[in-house]
Protein chains: 2
Amino acid sequence: MKKVSESTIRRLSKYYRSLEYLIEKGIETVSSEQLAEMDSITSAQVRKDLSFFGTFGKRGLGYNTKMLMRQIGDILGLNRKWSVCIIGAGNIGRALVSYQEFKKQGFDVQLLFDSDPKKVGSKIGHLKVQHSDRLKEAVKEAGIEIGIIAVPAAAAQRVANELMEAGVSAILNFAPVSIKVPEGVMVKNENTAIEIEALSYFLTNDK
Amino acid sequence: MKKVSESTIRRLSKYYRSLEYLIEKGIETVSSEQLAEMDSITSAQVRKDLSFFGTFGKRGLGYNTKMLMRQIGDILGLNRKWSVCIIGAGNIGRALVSYQEFKKQGFDVQLLFDSDPKKVGSKIGHLKVQHSDRLKEAVKEAGIEIGIIAVPAAAAQRVANELMEAGVSAILNFAPVSIKVPEGVMVKNENTAIEIEALSYFLTNDK
């Protein structure tokens, strides 16, 4: 399989959401032009992305929304459940435990850890906070597939190492620091400050 | 000025963070190769990005870290303060009020709104929650430049409209829905579920 860029995957995620929206509205077919407009890109890009994955609309008819959503869901791995743990029961960790989009997309948050004894044992959403000391053992036991790091920068690499030692190979990192991982492990860095900087760039230069 | 792509701006934000890290460590010069390695891209891309903005390293010497950080900060609009408001005092809104990265980068959260009477008047971090009815008036008064939407999907467009009517032209949207804005207004959508989908894609296809 050819290498797919992160921006392609990002666009697939957007198409997926647009299709979900259209299906909710009872719309059965969609053209590449309509999908393009919903996501503010060109229709040529939409066609290119989808043809890459072997999906073709019918000229004059467009794509069947349900079929396309299922296909993109298969590509993105969304038509199944993923077991997820969160490390860090601060503001971000707490927000993520009850994040409806995760649940809807099949990301099932099963474990929540913190190293603060005052937090351990307390309940956040449907989860009881466990002590980080138990991380490796509990993550292995539960067969966690995706780890979300929501600890301070200084602790992020250590937590990542423990996750990897417990067999986790996909990490979403909210700590404002780069995490080093070997080949075969993927880290996505989520940094809201980077998103807002696109806005300050815009206000400074483009407006 | 030529049009700069969102992915270029995103890379500039990453260079900025890498430089900050190097400066904290007392490192005075950096090569494009080192910057490339820190951000997992090619050194040719680093040189291309920086030369686009008129910044050139010296062969064999590289870039002066402090100077480069200042230049990128100027480009991204980070060497000044921005006044920010947040609408929605739920989990996400609360996490953002006390998000240290915002403060550090000059994004000053000044107002927080919610429509829930039970939340209005309560204090979150350094801010008192105001009723959303006051949004337009208060945003105008404070001269807010960037609005962050952290309300449910159904309310997002209405809130965006009020922000725009109050003169805000840069919006960071956490609601899982597309917001329509006219030319001259920029919206960035922050969707953590999209980040995690790159991981499920990886686990499904690339591993």
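Modeller: Chain A contains nine helices and nine strands, where helices (H or I, at least four residues) and strands (E, at least two) are DSSP runs numbered from the N terminus. This is a predicted model, in which local features need pLDDT of at least 70, side-chain atom pairs count only at pLDDT 80 or more, and totals for chains, interfaces and linings use all residues. Residues are numbered from 1 along each chain as its sequence is written, while chains are lettered from A and ligands numbered from 1 in the order in which they are written.

The C-alpha trace of chain A spans about 60 × 45 × 35 Å along its principal axes. Of its 207 residues, 43% count as buried; a residue is buried if 20 or more other C-beta atoms lie within 10 Å of its own, exposed if 12 or fewer, and partly exposed in between, with C-beta atoms placed from the backbone. Among the contacts in chain A with a separation of 6 or more, 57% join residues 24 or more positions apart, a contact being a pair of residues whose C-beta atoms, placed from the backbone, lie within 7 Å.

At the interface, 48 residues of chain A are in contact with 48 residues of chain B. The elements of chain A that give two or more residues to this side are H1 (6-24), H4 (65-76), H5 (91-97), H6 (100-104), S8 (170-173), S9 (186-189) and H9 (192-206). H9(A) provides the largest share, 14 residues. By class, the side of chain A that touches chain B has 25 nonpolar, 13 polar and 10 charged residues; Ala, Val, Leu, Ile, Met, Phe, Trp, Tyr, Cys and Pro count as nonpolar, Asp, Glu, Lys and Arg as charged, and the others, Gly among them, as polar.

The same surface serves both copies, with 100% of the contact residues of chain A recurring in chain B.

The largest nonpolar core has 119 residues, and those with the most contacts inside it are Leu96, Ile146 and Ile149 of chain A and Leu96, Ile146 and Ile149 of chain B. Such a core is a set of buried Ala, Val, Leu, Ile, Met, Phe, Trp, Tyr and Cys residues joined through C-beta atoms within 7 Å. Not counting residues up to four places away in sequence, Ile146(B) touches Ile196(A) and Leu199(A) as well as Trp82(B), Val84(B), Phe107(B), Val168(B), Ala170(B) and Leu172(B).

The loop between S8 and S9 of chain B holds Val181(B). Val181(B) is partly exposed because 18 other C-beta atoms lie within 10 Å. Leaving aside neighbours within four places in sequence, its contacts are Ala160(B), Met164(B) and Val187(B). Ala160(B) is 21 residues from Val181(B) in sequence and 8.2 Å away, C-alpha to C-alpha. In chain A, Pro182(A) lies in the loop between S8 and S9. Pro182(A) is exposed, since 7 other C-beta atoms lie within 10 Å.

Note on methods
Contact = placed C-beta atoms within 7 Å.
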